[in-house]
Amino acid sequence: MKIAVVVDSTMDLSDELRSSVFVVPLKVELAGEVFKDGERNIEEILQTMKEKNIFAKTSQPSPIDFEVVYKQALENHDFVVSIHISEKLSGTIGSARIAAQKFENRIFIFDTNAATMVADEYVRKVLEMKDAFPEEIIGELRKLRNNMKLYLTVGNLEFLKRSGRLKGIEALIGSILKLRPVIEVHEGALRTKKITRGDRGPLRFMKEAIERAKGRIIVGHIMAPEKSRQLLDFAASLGKPVREVSVRSAALSVHLGPGSYGVAIFEDNSD
């Protein structure tokens, strides 16, 4: 039995896994131009936004976009496990479900209840179980999801405000008082876990989360390599299993902004 893995472009992966999946890109609109996520460099996009004082818009793939990729994947595979951004953050998975109806139970869709670097753990699990039935694989992915925590922070609250996920007054207060939120992805939605003062607050919170962790750790960032390196080095100093995933998705980056970083923890509850 051959299993193909399909992800959307918000599902950032480590270098070793990127070539093992099929990708359905979201779309980004900037200054009147629409392009596929991944076609343009994140730094270039964010620089254009800064220079022109504009914000990009994003849109989900269409069912046709998924149908094309599913057909391609099924040419040499028996089934597809399709792994995606939370339904509460994007309509992407809705398009996937519509497309999947045309393939007679050969597409198995999984909602990560999150986005970006968490995909690395799910894709890794699918590839490890390549000889299992799809239903069994989905069951294991759900176990991983039940034991997953994802924390992130942003370098500039304005990006979240413009995306509609932060009220204007909250962004204003944050910019005046230099407050920094620790954001938790909880049951697929963003919520404020803690408000800290200054840049060191979120970093301290994430280090404490790493220290408590009893499982695998993934660190990611958007143009914040120093913060990412501090978290990686801290985890390594404690002997924790940790790896880094570069966030390449423009569709995510235009909502979170430069200076954002985060940590995903997959707790091992096998005991």
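Mentor: Two residues are in contact when heavy atoms lie within 4.5 Å. This is a predicted model, in which local features need pLDDT of at least 70 and side-chain atom pairs pLDDT 80 or more, while totals for chains, interfaces and linings use all residues. Residues are numbered from 1 along each chain as its sequence is written, and side-chain values use heavy atoms, without hydrogens or water.

In α9 (residues 200-212), Leu-203, Met-206, Lys-207, Ile-210 and Glu-211 meet Lys-227, Gln-230, Leu-231, Phe-234 and Ala-235 of α10. These contact residues comprise six nonpolar, one polar and three charged (Asp, Glu, Lys and Arg count as charged; Ala, Val, Leu, Ile, Met, Phe, Trp, Tyr, Cys and Pro as nonpolar; the others, Gly among them, as polar). Helix α10 spans residues 225-237, and the two axes, 10 Å apart, form an angle of about 25°. The helices α9 and α10 are therefore roughly parallel, a term for angles under 35 degrees. Their crossing is right-handed, meaning that the near helix is turned clockwise from the far one by less than a right angle.

Strand β1 (residues 3-8) is largely enclosed by the rest of the structure, because six of its six residues are buried (under 20% relative accessible area, with a 1.4 Å probe and protein chains only). Ile-3, Val-5 and Val-7 point one way from β1, whereas Ala-4, Val-6 and Asp-8 point the other way. Five bridges join β1 to the parallel strand β6 (residues 79-84), where Val-80 is the bridge partner of Ala-4. Three bridges pair β1 with β2 (residues 22-24), also in the parallel sense, and there Phe-22 is the bridge partner of Val-6. Strands pair if DSSP finds at least two bridges between them.

Technical notes. Axes are lines fitted to C-alpha atoms, for helices over the stretch in contact, and angles run from 0 to 180 degrees between N-to-C directions. Helices (H or I, at least four residues) and strands (E, at least two) are DSSP runs, numbered from the N terminus. Angles under 35 degrees count as roughly parallel, over 145 as roughly antiparallel, 65 to 115 as roughly perpendicular and the rest as oblique. Buried means under 20% relative accessible area, exposed over 50%, partly exposed in between (1.4 Å probe, protein chains only).
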